[in-house]
Amino acid sequence: MTQTKVTPAQGKLGILVVGCGAVSTTFITGVLMARKGLTKPVGSMTQYDKIRVGRGADARYLHYADIVPLAKLDDIVFGCWDVYPQNAYQAAMYAEVLKEKDIEPVRDELEKIVPMPAAFDKNYAKRLDGDNVKAGLTRWQMVEALRQDIRQFKAANDCARVVVLWAASTEIYVPVCEKVHYQLSDLEAAMKADDREHIAPSMCYAYAALSEGAPFIMGAPNTTVDIPAMWQLAEQTKMPIAGKDFKTGQTLVKSGFAPIIGTRCLGLSGWFSTNILGNRDGLVLDEPANFRTKEVSKLSTLETILKPDVQPDLYGHGNDEDTQYYHKVRINYYPPRNDNKEGWDNIDIFGWMGYPMQIKINFLCRDSILAAPLCLDLCLLSDLAARAGRYGIQRFLSFFLKSPMHDYTQGEEAVNHLYQQYTMLKNAIREMGGYEPDEEID
Ligand SMILES: NC(=O)c1ccc[n+]([C@@H]2O[C@H](COP(=O)([O-])OP(=O)(O)OC[C@H]3O[C@@H](n4cnc5c(N)ncnc54)[C@H](O)[C@@H]3O)[C@@H](O)[C@H]2O)c1
């Protein structure tokens, strides 16, 4: 075991959440209930998982908190921003994810979490029309106002550290533009010039967080921190960034199931995923420009797991023009189901001598119930990474994300394979705990 350089998790950890909707309120309510001993944080790796440290006769299986210094649930203080003024109690009731009996015991605490006015631009989410916004500000003024919010929150709540988590609506698709998004100086110039086309409000939150010494996590598929200019800022401020898009239902299944096909050397001719969803997230995603952002994120999963160039007989169609299997993802807004998403996957595979077979997966999940533990883990592990002196893209957090960030300017590939991602996660925890990161990624 080597000496670890991670600073202890002393003092309060502020978690500032962008968006006070279904995911955020389910996350916050669960943490408040868990620390009163009224529920269990099921699904959270930081609270439940045990990993091996040491080898052979020295091997021990420990919880993360027994390997690295993690912030305790009791030390967390929550704050948020939202376009709508409802406090976290009202928002949790509105979301209808949790039953009243699971919200009431922490009602007082939730009522005190009142959203700060949002940095918002209706062009980025047309279906939202709340008025709790920082009106009439340029992009640069948004950054300054958000920095002020973070400073005030930190001081008012006596926080030693702050993490900023985006759990707000998916913004419209902002394609990466080299002229604006590659250099930090260009990004700053665009913010100062109030370039609303290339600077999404989410970029203002990220810029503000990193500048205030807070890690930033992107839980939606927005481009926000997935641009070289933000990597530069993260490097300059020595802050971790993580993204993008929580890996909850269908993509979790995909990244866990595709390895079965690949490992068994079966062929794939098509994968069709569709789902119905009726919450506000579904409403925003019903807008084609917002869905495009999600689609790009969801489509990236398979191609790095089942690679046509590595196994052309299995994952290509045998000619240069058309080497991919058919992969389609659909999301349908269907209000009666609210947060209880239902997903269908139809997988067309082929086996010995090319004979076709089909697999059908029908996942009746609860979106926010799956997302909440990811929020907790991403916040605690980003805070840990900052204390361990890690900055920039945190690839070890890919496990929690649908479209994991990687340096695409250097030809780096994303790791989407669930079990490879898990190995990266375990190795990072070991390393930060002063143990050898001794597992190979095969
Ligand atoms: N639940 C899941 O399984 C899952 C998985 C992956 C990603 N996500 C993403 O997480 C995000 C949150 O999902 P949700 O179900 O809680 O949605 P939601 O609509 O219930 O909540 C989002 C909230 O964000 C607010 N908001 C929008 N723009 C904002 C801005 N600029 N500043 C501050 N607040 C803003 C909205 O007013 C809304 O209250 C979405 O982007 C969704 O795509 C969710």
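How far apart do the C-alpha centres of domain 1 and domain 2 lie? The distance between these centres is 26 Å. The model is predicted: local features need pLDDT of at least 70 and side-chain atom pairs count only at pLDDT 80 or more, while totals for chains, interfaces and linings use all residues. Residues are numbered from 1 along each chain as its sequence is written.

The domain assignment, which is automatic or taken from a database, gives domain 1 (12–246 + 368–432) and domain 2 (250–364). Between them, 28 residues of domain 1 are in contact with 25 residues of domain 2; contact requires C-beta atoms, placed from the backbone, within 7 Å.

The ligand comes next. Both domains give residues to the shell around the ligand, so it lies between them. Of the 36 residues around the ligand, G19, G21, A220, T248 and R280 come nearest; a residue is near if its C-beta atom, placed from the backbone, lies within 6 Å. Helix α14 gives the most to this shell, with four residues. Helices (H or I, at least four residues) and strands (E, at least two) are DSSP runs, numbered from the N terminus.

An open sheet has four strands in the order β10-β9-β11-β12, with mixed pairing; two strands pair if DSSP finds at least two bridges between them. Its edge strands, β10 (326–333) and β12 (356–364), each pair on one side only. Strand β9 (residues 267–277) pairs with β10 in the parallel sense over eight bridges, and W271 has H327 in β10 as its bridge partner. Helix α10 (residues 250–263) packs on the sheet, touching β9, β11 (342–350) and β12.

Key
Two residues are in contact if their C-beta atoms, placed from the backbone, lie within 7 Å. Axes are lines fitted to C-alpha atoms, for helices over the stretch in contact, and angles run from 0 to 180 degrees between N-to-C directions.
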